[in-house]
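Notebook open, model loaded. I want to go through the charged pairs and then the overall fold.

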Amino acid sequence: MPPELRESLLEALQHVQGYIYPNDVSLGWSVVIVVYPYITGLVAGAFILASLVRVFHVKALEPTYRLSLLTALAFLIVAPLPLLVHLGHPERCYEVMMTPHATSPMAIFGFVYAWYLMAVLLLELWFDYRRSFVEWAKASAGFKRLLYRVLTLGVEDVSPAAIQLDEKLGRFITVIGIPSAFLLHGYVGFIFGSVKANPWWGTVLMPIIFIFSAMVSGIALLMFLYLVISRLRRVPVDMGCLRAIGTFLLSALVLDAAVETLDWIHRLYEAEESLEVLVLLASGKLFFSFFLVQVLLGTIAPLAMLGATQVFKERISLRLQKSLYLVSSLLILIGVFAMRWNVVIGGQLFSKSLRGFTTYKIALVGQEGLLMAVVLMILPFLLLIGLVKFFDPWNTRETPPATT
Amino acid sequence: MPPQITRLVYLTLAIVAVYFLARGFLVPASFGQYGWYRGNALKEIAALPIRYAGRAACAECHEEAAERLAKGSHQGLSCEACHGPGAAHAEDPAEAAPKPENSRFCLRCHEFNLSRPAKFPQVEADDHFPDQKCAECHAPHSPMQAPEDASKRNAKPVKK
């Protein structure tokens with residue numbers, strides 16, 4: 001064998017293991033496609049936290065109600081960007097809306113997204129904020145006055161009867177919104193779950209796993225934001241609210257962990273021919289991101305911490321409780337990201353031959369590089385800052401938010 | 001009807017109307033004629049300006065180059081595989097002639113690559129005189145001969 005041939009062969013062999021089909025060597029879906037389900041999950045989770053206030057009358061969560069909705073909006077606006085970045089040619093993106101193919105789940109995403117944005121999130125925000133818009137418009141001048149006035153859509157009636165109607169309609173929208181939030185994110189799970197050629201993805205539990213992990217990540221995000229923003233605003237944290245979020249977070253996490261464990265038990269017991277490669281994948285290539293980050297740091301550690309805040313409520317200081325909440329919310333956020341990574345990247349690391357693996361080497365720069373993913377993750381937070389400035393979620397009085 | 005509802009209904013109708021209006025403009029005319037694509041797709045492609053003239057066209061005026069090429073190991077290549085599209089120049093020689101843009105463009109075909117047939121002549125770019133242009137030693141039209149231009153000829157003549 002010529003020396004060059006040997007060298008290139010050796011290089012290629014470091015990159016892959018076992019018997020692998022040539023078209024499985026490089027991954028089609030990169031880190032930006034990891035970011036995409038992560039962001040939509042945060043949207044759905046944040047919305048579900050808000051709906052607990054509206055529909056299930058969880059009064060304790062009221063301090064985070066508007067913040068949850070604004071967070072959902074900020075992340076929802078960014079949600080399609082990873083797709084645009086990945087596909088390229090953003091100037092053609094309207095085409096999928098103009099000539100949608102009814103049997104293509106990817107084509108229908110545009111409509112699921114538009115429905116969720118316009119028929120659910122914006123409407124609910126509008127019903128909740130309309131009164132504030134009217135009052136803020138009266139009290140401000142110039143551009144802001146115009147902005148708030150346009151946002152009222154010309155409905156300036158703030159009589160108790162009109163406000164009551166807003167309330168009622170808002171609740172109605174939320175009731176529609178909960179299944180819509182499930183649809184939005186269950187749909188992302190459906191896209192993966194319906195890939196029957198890929199045993200790591202193709203399970204009917206996939207949409208359910210996605211929905212529960214979405215709830216977990218969204219609630220954790222709100223807990224994190226609430227703690228950080230309270231610190232920045234120098235206002236005391238409402239412990240009742242924090243505990244309520246903590247309780248829901250714990251329940252969602254328990255459910256999520258249970259469903260994912262069920263998935264594994266099912267796979268292990270079924271022991272299909274793909275099991276061997278999946279076990280090798282989880283214990284080899286994904287050992288760090290699956291066992292260490294997703295399971296240990298992202299699930300077991302926060303379960304213990306959140307459990308401790310419940311069990312030892314009286315015995316540990318408020319300070320410690322807050323730190324426990326902060327740390328566990330962060331760990332959960334990291335853990336759910338790892339879960340998305342394990343699904344998206346993990347599902348492409350093994351060959352369809354079920355006999356070999358390839359490697360994913362993340363690029364630093366470029367359209368699908370690490371920097372792009374970081375930018376896509378920072379963008380919703382910047383948007384949220386803007387939204388919070390203009391639509392101050394805590395200001396229900398008549399003075400408009402100061403945006404200077 | 002309370003104003004909230006009427007306003008929203010108007011707004012919704014407006015958005016739906018804008019969507020269908022936009023479809024009227026943005027859906028290509030022949031879309032769906034035969035299936036889920038533009039019926040005119042082939043015609044549209046056929047109507048694109050021609051950019052390649054083909055080897056026979058080049059050979060009409062550049063006999064010498066064509067003959068030389070036909071004798072060497074690059075005989076199977078089209079002129080424009082290296083020179084780039086030249087229909088405009090073939091139409092009117094006053095138009096700028098297509099020239100291979102990069103001194104090391106040869107590597108596009110000759111860089112060592114495991115997926116190429118083992119018999120295909122390949123070099124490791126990093127080991128094969130990386131600091132020199134390929135054409136300093138290989139006459140492009142007859143690559144196993146040294147270039148005639150003495151100024152370009154390097155200390156290492158090619159064999160044969």
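I started in helix α6 (residues 105-139) of chain A, where R131(A) and E135(A) sit four residues apart, so about one helical turn separates them. Helices here are DSSP runs of H or I with at least four residues, strands are E runs of at least two, and both are numbered from the N terminus. R131(A) and E135(A) form a salt bridge, with the closest N and O atoms 3.3 Å apart. For that term I used a side-chain nitrogen of Lys or Arg within 4 Å of a carboxyl oxygen of Asp or Glu. R131(A) is partly exposed at 41% relative accessible area, whereas E135(A) is buried at 13%. My cut-offs: buried is under 20% relative accessible area, exposed is over 50%, partly exposed is in between (1.4 Å probe, protein chains only).

Before going on, a note on provenance. This is a predicted model, in which local features need pLDDT of at least 70 and side-chain atom pairs count only at pLDDT 80 or more, while totals for chains, interfaces and linings use all residues. Residues are numbered from 1 along each chain as its sequence is written, chains are lettered from A and ligands numbered from 1 in the order written, and side-chain values use heavy atoms, without hydrogens and water.

Next I looked up E167(A) and R54(A), whose side chains meet in a salt bridge at 4.0 Å, N to O. This pair links distant parts of the chain, with E167(A) in helix α8 (residues 160-193) and R54(A) in helix α2, 113 residues apart. E167(A) is partly exposed at 44%, and R54(A) is buried at 8%. I also noted that salt bridges with shared partners join R54(A), R66(A), D128(A) and E167(A) into one network.

Which parts of the chain does the D24(A)–K352(A) pair tie together? The salt bridge has its closest N and O atoms 3.9 Å apart. D24(A) lies in the loop between β1 (17-18) and α2 (31-54), and K352(A) in the loop between α14 (346-349) and β2 (356-357), so the pair ties together parts 328 residues apart in sequence. D24(A) is buried at 10%, and K352(A) is partly exposed at 39%. I count ten salt bridges over all chains.

Last, the whole chain. I find 15 helices and two strands in chain A. Its radius of gyration is 23 Å, close to the 22 Å from the globule rule for 404 residues, so chain A is as compact as a globular protein of that length. The radius is taken over C-alpha atoms, and the rule is 2.2 Å times the number of residues to the power 0.38. Buried residues make up 52% of the 404.
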